[in-house]
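Please look over the sequence and the model shown here before reading the notes that follow. The briefing begins with the strands and then turns to the ligand.

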Amino acid sequence: VIIPLMGLGLAMYFYSAPENFNEEMLRGKRVIVTGASSGIGEQMAYHLARMGAHVLLTARTEAKLQKVVERCLELGAASARFVSGSMEDTAFAEEVVKEAENTWGGLDMLILNHIGNSYFNYFDGDVDHIRKLLETNFLSYVAMTVTALPMLKESEGNIVVVSSVAGKAGGPFVAPYSATKFALDGFFSSLRHEFIIDNVNVSITLCILGYIDTDSAMRAVSHAIKVAPSPKEECALEIIRSGALRQRELHYPPGIVSGMLLLRGLAPGFLDTLIRSNVVVENVQR
Ligand code: NDP
């Protein structure tokens with residue numbers, strides 16, 4: 001028992017992570033950002049561009065991606081391009097990674113951020129919707145990871161997975177979404193163990209986000225949520241920072257999310273009550 005444990009300890013010791021963030025860390029790095037046509041993904045693209053990274057952006061809407069790419073070039077990206085398509089199709093997810101391989105011959109950071117449309121309401125019993133959402137929000141993340149792994153092993157790079165408090169603690173009116181985010185935690189937390197056991201020096205950062213002021217989130221939930229949203233620009237920077245620092249998890253905004261996760265362990269029933277008390281149920285129309 002002791003010898004394997006010592007081996008594991010040594011492996012963890014050599015799985016070294018930088019301590020301080022410096023924007024220079026991203027200069028010249030080759031980064032894929034999914035869901036980059038709006039919201040947090042768009043803001044991550046701008047930060048990366050400012051830091052001098054090469055960015056490959058993806059989402060469905062070509063016209064929006066074109067504008068984001070132009071802005072990235074103005075901000076100083078080493079290079080910026082896009083591929084448009086839907087992550088409902090895992091073949092497209094793989095194609096995006098192949099595009100990085102053909103263009104750059106390698107990859108340093110894979111930021112998985114996109115989500116498909118869902119609803120903020122009572123679960124409507126639609127099993128097909130959950131299946132489709134799992135394809136978009138979960139299986140495409142797995143497919144991109146599988147295709148990118150040889151390049152990430154070569155660069156000793158980073159996988160950054162954008163999740164939510166709804167992927168750590170259930171809340172009302174988000175059953176399909178929450179299921180896809182819990183799936184990400186299960187898959188990537190297991191994979192992280194295997195990387196450490198196998199001395200694979202690819203970091204996996206799971207980002208647990210609270211409520212962020214993106215247009216789509218505000219449209220979906222602002223009428224029924226009591227807390228104020230946090231700024232998407234700062235959130236985007238924190239995601240990049242935590243990935244570059246090879247952190248295990250990001251909690252953003254830190255106080256609220258870390259507090260919730262602590263309560264989840266200590267007093268889960270109380271956390272459930274707190275979550276429900278934060279929702280204006282009367283404003284959710286069946
Ligand atoms: P947005 O809705 O602003 O952005 C979603 C992105 O995904 C867009 O670029 C969209 O572009 C793209 N997208 C949507 N459907 C598909 C599809 N089928 N295939 C490929 N791309 C698609 O979301 P946010 O910026 O608010 O969220 C980003 C991440 O942060 C998500 O993972 C979300 O779960 C997480 N998060 C956000 C919170 C918030 O309050 N905002 C809270 C907790 C977590 P297009 O329509 O052009 O395809």
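Strand 1 (residues 30-34) is largely enclosed by the rest of the structure, because 4 of its 5 residues are buried, where buried means under 20% relative accessible area (1.4 Å probe, protein chains only). Strands and helices are DSSP runs numbered from the N terminus, with at least two residues (E) for a strand and at least four (H or I) for a helix. This is a predicted model, in which local features need pLDDT of at least 70 and side-chain atom pairs count only at pLDDT 80 or more, while totals for chains, interfaces and linings use all residues. Residues are numbered from 1 along each chain as its sequence is written, and side-chain values use heavy atoms, with hydrogens and water left out.

**Strand 1 and its partners**

- Strand 1 pairs in the parallel sense with strand 2 (residues 54-59) over 5 bridges, pairing being called when DSSP finds at least two bridges between two strands, and Ile-32 stands opposite Leu-56 in strand 2.
- From strand 1 the chain crosses through helix 2 to strand 2 in a right-handed β-α-β crossover, a term for a path from the first strand over the helix to the second that runs clockwise with the strands pointing away from the viewer.
- Strand 1 also runs parallel to strand 4 (residues 109-112), to which 3 bridges join it, and here Val-31 stands opposite Met-109.

**Strand 6 and its partners**

- In strand 6 (residues 203-209), 7 of 7 residues are buried; Ser-203, Thr-205, Cys-207 and Leu-209 point one way, whereas Ile-204, Leu-206 and Ile-208 point the other way.
- Strand 5 and strand 6 pair in the parallel sense over 7 bridges, and Val-161 has Leu-206 of strand 6 as its bridge partner.
- The chain passes from strand 5 through helix 6 to strand 6, and this β-α-β crossover is right-handed.
- Strand 6 pairs in the parallel sense with strand 7 (residues 249-252) over 4 bridges, with His-251 in strand 7 as the bridge partner of Ile-208.

**The ligand and its surroundings**

- Of the 29 residues around the ligand, those that come nearest are Arg-60, Thr-61, Tyr-177, Thr-214 and Ser-216, a residue being counted as near if one of its heavy atoms lies within 4 Å.
- A backbone N or O atom of Arg-60 lies 2.7 Å from an oxygen atom of the ligand, and an N or O atom in the side chain of Ser-37 is 2.8 Å from a ligand oxygen atom.
- Strand 5 gives the most to the shell around the ligand, with 3 residues.

Notes: Polar contact = N/O pair within 3.5 Å; in protein donor to acceptor, adjacent residues only side chain to side chain. Buried < 20%, exposed > 50% of the residue type's maximum accessible area, 1.4 Å probe, protein only.
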